[in-house]
Amino acid sequence: MNRHRLSDFLAQFLDSRAPVLFIVASLVLALLGNALYELVLLTFGDQRETLIGIVLSAALILPLVYWSFRTVVDAIARNTRRRLEVSSSEQITPHRSLILPVGLRDDGPERPILEYHLRGGRLRHCWLILTPAARKHPKTGDLKQWLMEQDVYVYPIEIQEPSSLAESYQATMSALQMALTLTDALPIAVDITSGTSVMSVGVALAAREQGAPIQYYPALYDTDGKVVPNSATAPMLVAFVSGGTSTL
């Protein structure tokens, strides 16, 4: 039998989108607060010291109430968070190597993409295509360190101009050619999710020319337009290379 945590149980009563339960919960809390106040007055009287004690107790209890409220709100968010289900027929299989442009979003998809290819210890080589800004971004250093801790060889390739299709194309070609010289780097996949749109086009053109499979990581966005972390179950294989012949 599944056991729900207390926060998940309370979340359904404090979610304003369920008006009946929300109203019932509000009334119950108001009645409990009023009853507790009356009980204290009946026990200790309505003297000034009693009222001061009530105020001080309320001030001390307030942080606990706030923490409990935040816990319930987080539980609501977890319960209502959507995930984009990528069917098994649309998923790319985890690859031995990956070419991955790195963007500037702190909440970008690079980490979940890499985690997917690391399943079963599959990923062993990763080429990171970086703009000067991405190279200096703290996220890039964290990704490189994390990959090395996973026994993945990391090869940064820097391009100077993110709006140059030729640079992204050439960087991807260099990575693909290098993969051919390594004994354990194939098969290799190419991701087009992060970086600028021009970078994605250059990367895709090089991958298609060499017959390497291309993947894209779909994502959901919150009301502020920010990417919801880990919002897709897997990267998607771009269809136009799925039926081609590939040496990579």
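This is a predicted model: local features need pLDDT of at least 70, side-chain atom pairs count only at pLDDT 80 or more; totals for chains, interfaces and linings use all residues.
Residues are numbered from 1 along each chain as its sequence is written, and side-chain values use heavy atoms, with hydrogens and water left out.

The protein has 8 helices and 6 strands. Both are DSSP runs numbered from the N terminus: helices are H or I with at least four residues, strands are E with at least two. Along the sequence, the pattern reads α-α-α-β-α-β-α-α-β-α-β-α-β-β.

Now one residue. His125 lies in strand 2, residues 125-130. Is His125 buried or exposed? His125 is buried, at a relative accessible area of 3%. Its side chain makes a polar contact of 2.8 Å with the side chain of Tyr155, and another of 2.9 Å with that of Asp184. A polar contact is a pair of N or O atoms within 3.5 Å; within protein, one must be able to donate a hydrogen and the other to accept it, and residues adjacent in sequence count only if both atoms are side-chain atoms.

Next, Leu220, in the loop between strand 5 (214-216) and strand 6 (236-237). Leu220 counts as buried, at 16% relative accessibility. Leu220 and Leu84 are 136 residues apart in sequence, and 7.2 Å apart in space, C-alpha to C-alpha.

Definitions and conventions
Buried means under 20% relative accessible area, exposed over 50%, partly exposed in between (1.4 Å probe, protein chains only).
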